Amino acid sequence: IVQTAMDRRIAIAPVAEQDPASGGVAFRQFFQQTPQVLQQPPYKLFDTLAVPLYPAPEHREISLRHVLRGMGARSQSARGMRRAVSLT
């Protein structure tokens, strides 16, 4: 799925969950489980830094803003962002 998305030039916004209770794992596991074809040119999946997603609400909100920007979203007021995206 990731390779097809990248072939179609769909923005990939890597996210690294930090909370083990929510499925967070050590980042090295991503390297071990990702097919080599996606780690090498032309894909180079890990050239884009993953946004760390922390469990604290104030950190999660900021992380989700970074994810949305990575997907091409434009900045807007924080209040408008809260209405547009459910952060829970």
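Biologist: Does Glu17 count as buried or exposed, and at what relative accessibility?

Modeller: This is a predicted model, in which local features need pLDDT of at least 70, side-chain atom pairs count only at pLDDT 80 or more, and totals for chains, interfaces and linings use all residues. Residues are numbered from 1 along each chain as its sequence is written, and side-chain values use heavy atoms, with hydrogens and water left out. Buried means under 20% relative accessible area, exposed over 50% and partly exposed in between, with a 1.4 Å probe and protein chains only. Glu17 therefore counts as buried, at a relative accessibility of 16%.

Biologist: In which strand is Glu17 placed?

Modeller: Strands (E, at least two residues) and helices (H or I, at least four) are DSSP runs, numbered from the N terminus. From that terminus on, the elements of the protein chain run α-β-α-α-β-α-α. Glu17 belongs to the strand that spans residues 15-17, namely β1.

Biologist: With which side chain does the side chain of Glu17 make a polar contact?

Modeller: A polar contact is a pair of N or O atoms within 3.5 Å; within protein, one must be able to donate a hydrogen and the other to accept it, and residues adjacent in sequence count only if both atoms are side-chain atoms. The Glu17 side chain also reaches the backbone nitrogen of Asp19, at 3.0 Å. The side-chain partner, at 2.7 Å, is Arg60.

Biologist: Which residues does Glu17 touch, not counting those up to four places away in sequence?

Modeller: Contact means heavy atoms within 4.5 Å. With residues up to four places away set aside, Glu17 touches Ser22, Gly23, Gly24, Val25, Leu53 and Arg60.

Biologist: What is the angle between the planes of Phe27 and Phe30?

Modeller: Rings of Phe, Tyr and Trp (its six-membered ring) pair if their centres lie within 6.5 Å; planes under 30 degrees apart count as stacked, over 60 as edge-to-face and the rest as tilted. The structure holds four aromatic pairs. Phe27 and Phe30 form a tilted pair, 5.1 Å centre to centre, with their planes at 50°.

Biologist: Why does the pair of Phe31 and Phe46 tie together parts that are apart in sequence, and by how many residues?

Modeller: The ring centres of Phe31 and Phe46 are 4.3 Å apart and the planes lie at 45°, so the pair is tilted. Phe31 lies in helix α2 (residues 28-33), whereas Phe46 lies in the loop between α3 (36-39) and β2 (51-53), so the parts tied together are apart in sequence by 15 residues.
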